[in-house]
Amino acid sequence: MNHALKRTVEVGAMVVATMLLSVGCDRSSDSPPATPAATFIPAPPGAATPAATVAAVVPTVSVADITGDLSKYAGQTVTVIADVEEVKGPRAFTLDEGSLLPAGTDKDLLVLTPQAMAPGSIDDQWLRNKVRVTGVVHRFVAADVEPLVGWDVDQRLEAEYEGKRPVLIASTVERIR
């Protein structure tokens, strides 16, 4: 094993071990389990393991970065941390861009979760909650996106986003508050 790969595996293992230790230290055997602060929807089968994901460098970008320059991010894996602006369905929601552009234009980012991601669905309890989403940025073209998510996109979403707006196909979604 080459030195760089060995180091990557070591760092990933250390991160996972630290996470496990910190979770174990926060619990008291006398108290009931706390409601989790985050909801984590894991990557679909065949996706990278958590240690491999941690080891890989995935840039954190803003919604405005992606909506402002789709050509720069199309096809790229990114992480976005933002508030859920609107729930569009059990596997679709938008992330808040944070501000209105001139003339009141809203540039929120559509996020779609693949059918293979289990379990859970997005509902109104997610509204205005901060989430961390990692996934691949695409230009929204229903014929291209539907095979990636494994479900038929609602016609209203298709009419609103088709060909002109970005979409983030999630590999992980974590509700962080």
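**Entry 1: Glu174 and its partner**

I started with Glu174, which counts as partly exposed at 23% relative accessibility. I kept in mind that this is a predicted model. I then looked for the partner of Glu174 and found a salt bridge with Arg132, where the closest N and O atoms are 2.6 Å apart. Arg132 sits in strand 6 (residues 130-139) and Glu174 in strand 7 (residues 166-175), so this pair ties together parts that are 42 residues apart in sequence. I checked Arg132 as well: its relative accessible area is 30%, and I wrote it down as partly exposed.

**Entry 2: Lys88 and Glu160**

Next I asked myself which residue forms a salt bridge with Lys88. I found Glu160, with the closest N and O atoms 3.3 Å apart. Lys88 belongs to strand 3 (residues 77-89) and Glu160 to helix 6 (residues 155-161), so the pair ties together parts that are 72 residues apart in sequence. I looked up the accessibility of both. Lys88 is partly exposed at 23% relative accessibility, and Glu160 is partly exposed with a relative accessible area of 34%.

I followed this pair further. Lys88 and Glu160 are linked with Glu86 and Arg165 in a network of salt bridges.

**Entry 3: Arg156 and Asp154**

I turned to Arg156 and noted that its side chain meets that of Asp154 in a salt bridge, at 3.1 Å from N to O. Is Arg156 buried or exposed? I found 64% relative accessibility, so Arg156 counts as exposed, the cut-off being over 50%. Asp154 has a relative accessible area of 30%, and I listed it as partly exposed.

I reminded myself of the general point: side chains of opposite charge can pair when their charged atoms come close. I then went through the whole structure, and the search gave six salt bridges.

**Entry 4: The whole protein**

I went on to the secondary structure, which comes to six helices and seven strands. Reading from the N terminus, I wrote the order of elements as α-β-α-β-α-α-β-β-β-β-α-α-β.

How much of the protein do buried residues make up? I noted 31% of the 177 residues. For the surface, I recorded that the protein exposes about 10400 Å², and that carbon and sulfur atoms supply 56% of this area.

Last, I looked at contacts between residues at least 6 apart in sequence. Of these, 72% join residues at least 24 apart.

Note on methods. Residues numbered from 1 in each chain as written. Predicted model: local features only at pLDDT ≥ 70, side-chain atom pairs only at ≥ 80, totals over all residues. Heavy atoms only, no water. Salt bridge = Lys/Arg side-chain N within 4 Å of Asp/Glu carboxyl O. Helix = DSSP H or I, 4+ residues; strand = E, 2+ residues; numbered from the N terminus. Buried < 20%, exposed > 50% of the residue type's maximum accessible area, 1.4 Å probe, protein only. Contact = heavy atoms within 4.5 Å. Areas by Shrake-Rupley, 256 points an atom, 1.4 Å probe, with all protein chains shown as cover.
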